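This briefing concerns a single protein chain, shown below. Please keep the sequence and the three-dimensional view at hand while reading.

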Amino acid sequence: QVQLVESGGGLVQAGGSLRLSCAASGTIFSINTMAWYRQAPGKQRELVALISSGGSTVYADSVKGRFTISSDNAKNTVYLRMNSLKPEDTAVYYCNADIRVSQWLTTKYYWGQGTQVTVAS
């Protein structure tokens, strides 16, 4: 069983910063990618940032230059540093990971429970 546990959300003023963390635990053979998605009320869930096991990163245009994704592969943990936050960044942020639990099985996507980020204007 694999679990993703997020932490670090909260309320912050516009222009402020937050750091989200997500730790994967359980039976893990390998992790291909870890990512952050977000979903605002009434909107679809969208990719915020993604990092591969090799360190390659992808960002949504709306967060480029403000958010930084990083990972600690030894700890199966991914981080999202969010600077210069805007009210439009308000959303529930979800951790996502593409994990192989056994060398004999294909990978599968897992989701965390989500953490609320609220940016006040």
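The model is predicted. Its chain contains 11 strands and 0 helices, and strand β9 is paired with β4, with β11 and with β10.

**Overall fold**
- Along the sequence the elements read β-β-β-β-β-β-β-β-β-β-β.
- The radius of gyration of the chain is 14 Å, which agrees with the value near 14 Å for a compact globule because the chain has 121 residues.
- Among contacts with a separation of 6 or more, 55% link residues 24 or more positions apart.

- Of the 121 residues in the chain, 40% are buried.
- The chain has an accessible surface of about 6,500 Å², and carbon and sulfur atoms contribute 48% of this.

**Strand β9 and its partners**
- Strand β9 spans residues 91–100 and is mostly covered, with 8 of its 10 residues buried.
- Strand β4 (residues 30–39) runs antiparallel to β9 and is joined to it by 9 bridges; Gln39 has Val92 in β9 as its bridge partner.
- Strand β11 (residues 115–120) is also antiparallel to β9, with 3 bridges, and Val92 has Gln116 in β11 as its bridge partner.
- Strand β10 (residues 108–111) is joined to β9 by 4 bridges in an antiparallel arrangement; here Ala97 is partnered by Tyr110.

Conventions
Residues are numbered from 1 along each chain as its sequence is written. This is a predicted model: local features need pLDDT of at least 70, side-chain atom pairs count only at pLDDT 80 or more; totals for chains, interfaces and linings use all residues. Side-chain values use heavy atoms; hydrogens and water are left out. Helices (H or I, at least four residues) and strands (E, at least two) are DSSP runs, numbered from the N terminus. The radius of gyration is taken over C-alpha atoms; the globule rule is 2.2 Å times the number of residues to the power 0.38. Buried means under 20% relative accessible area, exposed over 50%, partly exposed in between (1.4 Å probe, protein chains only). Contact means heavy atoms within 4.5 Å. Accessible areas come from the Shrake-Rupley method with a 1.4 Å probe; for residues, only the protein chains shown count as cover. Two strands pair if DSSP finds at least two bridges between them.
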